[in-house]
Amino acid sequence: SPTDDSTIKVADFGFAKRVERPNSLTTRCGSPAYTAPEIINYQPYDQRADNWSLGVILFTILGGYPPFYENTVHETFQQIRQCNYQFHPSFWDGISRDAKHLIKALLTLNPEWRCTAQEALQHPWMTGRGTADDELKQSKPLKMNLEQFKKYNAERKRETKVSNVSMYWLLTRR
């Protein structure tokens with residue numbers, strides 16, 4: 001419906017590049033909370049940085065809040081560099097172990113060890129071949145998480161209107 005804000009859209013491919021060789025990209029860009037640690041640390045990167053961002057998206061959708069989100073970009077980047085996130089029980093008790101495992105596999109600091117897109121697609125949580133206990137747990141209502149996500153999204157929209165910063169310029173300035 002037109003008032004339903006639960007539709008998911010992944011957008012903003014302005015800096016999209018084709019990866020010709022592993023670790024061949026060097027453009028410093030991205031939205032702070034979704035930026036992979038290798039980009040923040042000024043290291044060459046490849047499509048594995050996108051897998052990190054997918055982990056952030058999955059975490060945010062299921063938990064209702066982002067894994068890395070502080071008052072300043074610098075503080076957010078510090079959280080990312082340390083891979084400092086938590087599955088707060090009040091929001092994550094109803095989420096399956098398989099879902100958490102996939103998120104952990106995507107939010108892995110070392111890109112060499114990070115879950116690939118192919119591995120993610122074959123993960124038990126994605127294929128529905130998880131354990132029976134996890135299926136029961138996952139079926140619990142996630143109303144509180146959805147409400148938290150709506151609250152976070154409204155706050156993010158309000159902040160974006162106040163200051164719209166190009167992350168390309170922010171990251172290239174050091």
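Q: Which backbone atom does the side chain of threonine 76 reach?
A: In this predicted model, the side chain of threonine 76 comes to 3.0 Å from the backbone nitrogen of glutamate 70. Such a polar contact is a pair of N or O atoms within 3.5 Å; within protein, one must be able to donate a hydrogen and the other to accept it, and residues adjacent in sequence count only if both atoms are side-chain atoms.

Q: What are the ground rules for the numbering and the values?
A: Residues are numbered from 1 along each chain as its sequence is written, and side-chain values use heavy atoms, with hydrogens and water left out. As the model is predicted, local features need pLDDT of at least 70 and side-chain atom pairs count only at pLDDT 80 or more, while totals for chains, interfaces and linings use all residues.

Q: Where is threonine 76, and what does it touch?
A: Threonine 76 is in helix H3, residues 73-81. Helices (H or I, at least four residues) and strands (E, at least two) are DSSP runs, numbered from the N terminus. Leaving aside residues up to four places away in sequence, threonine 76 touches Pro32, Ala33, Phe68, Tyr69 and Glu70; contact means heavy atoms within 4.5 Å. Proline 32 is 44 residues from threonine 76 in sequence, yet the two C-alpha atoms are 7.0 Å apart.

Q: Why does threonine 76 count as buried?
A: Threonine 76 counts as buried because its relative accessible area is 4%. Buried means under 20%, exposed over 50%, and partly exposed in between, with a 1.4 Å probe and protein chains only.

Q: Changing topic: what joins the side chains of glutamate 38 and arginine 114?
A: A polar contact of 2.8 Å joins them. Glutamate 38 belongs to helix H1, residues 37-40, and is buried, since its relative accessibility is 3%. Its contacts beyond four places in sequence include Arg28, Tyr45, Arg48 and Arg114.

Q: Then glycine 55: buried or exposed?
A: Glycine 55 is buried, because its relative accessible area is 0%. Its place is in helix H2, residues 48-63. Not counting residues up to four places away, glycine 55 touches Ile103, Leu106 and Leu107.

Q: How do H2 and H5 pack?
A: Two packed helices are described by the angle between their axes and the distance between the axes. H2 and helix H5 (residues 97-106) pack at about 145 degrees, with axes 8 Å apart. Axes are lines fitted to C-alpha atoms, for helices over the stretch in contact, and angles run from 0 to 180 degrees between N-to-C directions.

Q: Which residues make that contact?
A: H2 contributes Asn51, Trp52, Leu54, Gly55, Leu58, Phe59 and Leu62, and H5 contributes Ala99, Leu102, Ile103 and Leu106. These residues divide into nine nonpolar, two polar and no charged. Here Ala, Val, Leu, Ile, Met, Phe, Trp, Tyr, Cys and Pro count as nonpolar, Asp, Glu, Lys and Arg as charged, and the others, Gly among them, as polar.

Q: Finally, how many helices and strands does the protein chain have?
A: The protein chain has ten helices and zero strands.
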